[in-house]
Amino acid sequence: MAVRLRLKRTGKKKQPSYRVVAVDSRKPRDGRVLEVIGTYDPRQEPSAISIVNERAVHWLSHGAQPSDTVSKLLTISGAWDDFRSRGSSAAAGDTAEAAPAEPAPAPTPDLVIDTDEPGADDSSATAVGGATAQNTESEPKATEPGEAQ
């Protein structure tokens with residue numbers, strides 16, 4: 001069963017409020033839900049968002065996919081950050097708790113690849129009008145105003 005975290009509309013006509021729910025993705029918008037994990041009232045100023053982060057992280061860790069709106073609400077409530085931090089610590093496993101983390105190695109400089117080899121693509125060497133790149137290199141380059149030539 002594919003579980004989605006999405007909004008279920010409640011409230012009167014022209015006065016919407018929503019419940020953030022975990023639901024089977026094949027069910028209709030206002031159909032039967034697995035669990036209500038929060039509420040969202042967009043009519044208040046500022047919008048009222050109340051989400052049980054523990055339950056949201058539970059559903060996310062079990063593979064639930066949030067809708068676009070719910071993913072924004074989870075980011076605002078902090079549940080998304082909890083899920084991300086719990087996911088990185090679970091991936092590290094017990095070894096991260098047993099031994100202190102080693103510092104990351106220093107980044108290596110980017111590798112520069114020389115493309116002037118004989119087998120390089122010749123299509124980029126031809127400029128507009130049939131002139132080659134070698135011919136354009138012999139022409140003097142334009143300089144910025146105030147720059148010495």
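View A. Just past the end of helix 1, Gly63 adopts a positive phi of about 100°. Helices here are DSSP runs of H or I with at least four residues, strands are E runs of at least two, and both are numbered from the N terminus. This is a predicted model, so local features need pLDDT of at least 70 and side-chain atom pairs count only at pLDDT 80 or more, while totals for chains, interfaces and linings use all residues. Residues are numbered from 1 along each chain as its sequence is written, and side-chain values use heavy atoms, with hydrogens and water left out.

**View B. The buried face of helix 1.** Helix 1 covers residues 53-61, and its Ala56, Val57, Trp59 and Leu60 are buried (under 20% relative accessible area, with exposed over 50% and partly exposed in between; 1.4 Å probe, protein chains only). Look down the helix axis and the buried residues of helix 1 fall within an arc of 165°, so they line one face; the arc is taken from the directions from the axis to the C-beta atoms.

**View C. The hairpin of strands 1 and 2.** Strand 1 (residues 3-12) and strand 2 (residues 15-24) pair antiparallel over 10 bridges; pairing takes at least two DSSP bridges between two strands. There are 2 residues between these strands, and Lys14 in the turn has a positive phi of about 65°. Lys12 has Gln15 as its bridge partner, and Leu7 stands opposite Val20 in strand 2.

View D. The 5 strands make an open sheet in the order 4-3-2-1-5, with mixed pairing. Strand 4 (48-51) and strand 5 (65-66) sit at the edges with a single partner strand each, so one side of each has no neighbour in the sheet. Helix 1 packs on the sheet, touching strands 1, 2, 3, 4 and 5, and its direction makes about 120° with that of strand 3. Helix 2 (residues 68-77) also packs on the sheet, with its direction at about 90° to that of strand 1. Touching means contact, with heavy atoms within 4.5 Å; axes are lines fitted to C-alpha atoms, for helices over the stretch in contact, and angles run from 0 to 180 degrees between N-to-C directions.

**View E. The largest nonpolar core.** This core has 18 residues, and Leu5, Val20, Trp59 and Leu74 have the most contacts inside it. A nonpolar core is a set of buried Ala, Val, Leu, Ile, Met, Phe, Trp, Tyr and Cys residues joined through side-chain atoms within 4.5 Å.
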